[in-house]
Amino acid sequence: MAHVNECKGCNQTVMVPEEAIEKMVDSIPQDQVNRVNEPTYEKRIRACYHCSSLLYKTTCKHCGCLVKYKAKFADKECPHPQGSRW
Ligand code: SF4
């Protein structure tokens with residue numbers, strides 16, 4: 001089955017390799033004030049992986065954010081239109 005592009009402004013060329021995402025996440029200082037703890041992060045990522053709004057297994061279709069990066073920050077929240085999932 002062909003991939004259906006749900007995002008109006010993007011296409012598969014915006015796919016970000018897992019290694020690049022890991023590098024971005026690793027670049028966040030461990031002592032970053034608004035960084036969430038590991039259990040909270042894992043809970044957020046699990047919610048994203050079970051969400052139909054996750055595109056390319058990396059990107060939220062509502063905000064365009066790389067969820068593995070965004071979920072690290074306590075002051076960020078899930079933008080799901082039917083209510084935040086984290
Ligand atoms: S809507 Fe929320 S849970 Fe779903 S992919 Fe986006 S950030 Fe993750």
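Ala, Val, Leu, Ile, Met, Phe, Trp, Tyr, Cys and Pro count here as nonpolar, Asp, Glu, Lys and Arg as charged, and the others, Gly among them, as polar. By that scheme, the shell around the ligand holds 7 nonpolar residues, 3 polar residues and no charged ones.

This is a predicted model, in which local features need pLDDT of at least 70 and side-chain atom pairs count only at pLDDT 80 or more, while totals for chains, interfaces and linings use all residues. Residues are numbered from 1 along each chain as its sequence is written, and side-chain values use heavy atoms, with hydrogens and water left out.

**The chain**

The chain has 3 helices and 2 strands. Their order along the sequence is α-α-β-β-α. Helices (H or I, at least four residues) and strands (E, at least two) are DSSP runs, numbered from the N terminus. Of the 86 residues in the chain, 31% are buried. Buried means under 20% relative accessible area, exposed over 50%, and partly exposed in between (1.4 Å probe, protein chains only). A contact means heavy atoms within 4.5 Å. Among contacts with a separation of 6 or more, 54% join residues 24 or more positions apart.

**The ligand site**

The residues around the ligand are Cys 48, Cys 51, Ser 53, Leu 54, Cys 60, His 62, Cys 78, Pro 79, His 80 and Trp 86. Each has a heavy atom within 4 Å of the ligand. The ligand sits in the largest cavity. A cavity is a set of points, on a 1 Å grid over the protein atoms alone, where a 1.4 Å probe fits but cannot get out. To sit in one, a molecule needs more than half of its atoms within 2 Å of the grid points.

Pro 79, one of these residues, is found in the segment after H3. Pro 79 touches Cys 60, His 62, Cys 63 and Lys 70, leaving aside residues up to four places away in sequence.

In soluble globular proteins, nonpolar side chains tend to be buried together. The largest nonpolar core here has 13 residues, and Tyr 41, Val 67, Ala 71 and Trp 86 have the most contacts inside it. Helix H1 (18-26) and helix H2 (38-49) each supply at least two of its residues. H2 gives the most, with 3. Such a core is a set of buried Ala, Val, Leu, Ile, Met, Phe, Trp, Tyr and Cys residues joined through side-chain atoms within 4.5 Å. Val 67 touches Ile 45, Cys 48, Leu 54, Thr 58 and Cys 60, not counting residues up to four places away in sequence.

**Loop, helix and tail**

Tyr 56 lies in the loop between strand S1 (54-55) and strand S2 (59-60). Lys 57 is in the loop between S1 and S2. Phi of Tyr 56 is near 55°, a positive value in a residue other than glycine. Phi of Lys 57 is near 65°, also positive and also not in a glycine.

Lys 43 belongs to helix H2. The C-alpha atoms of Lys 43 and Trp 86 are 8.1 Å apart, though the two are 43 residues apart along the chain. Ser 84 is in the segment after helix H3 (67-70). Ser 84 touches Glu 77 and Cys 78, not counting residues up to four places away in sequence.

| Residue | Relative accessible area | Class |
|---|---|---|
| Tyr 56 | 15% | buried |
| Pro 79 | 33% | partly exposed |
| Ser 84 | 38% | partly exposed |
| Lys 43 | 60% | exposed |
| Lys 57 | 68% | exposed |

Terms used
1 Å grid on protein atoms, 1.4 Å probe; cavity = no way out; pocket = protein on both sides within 12 Å on 5 of 7 lines; lining within 4 Å.
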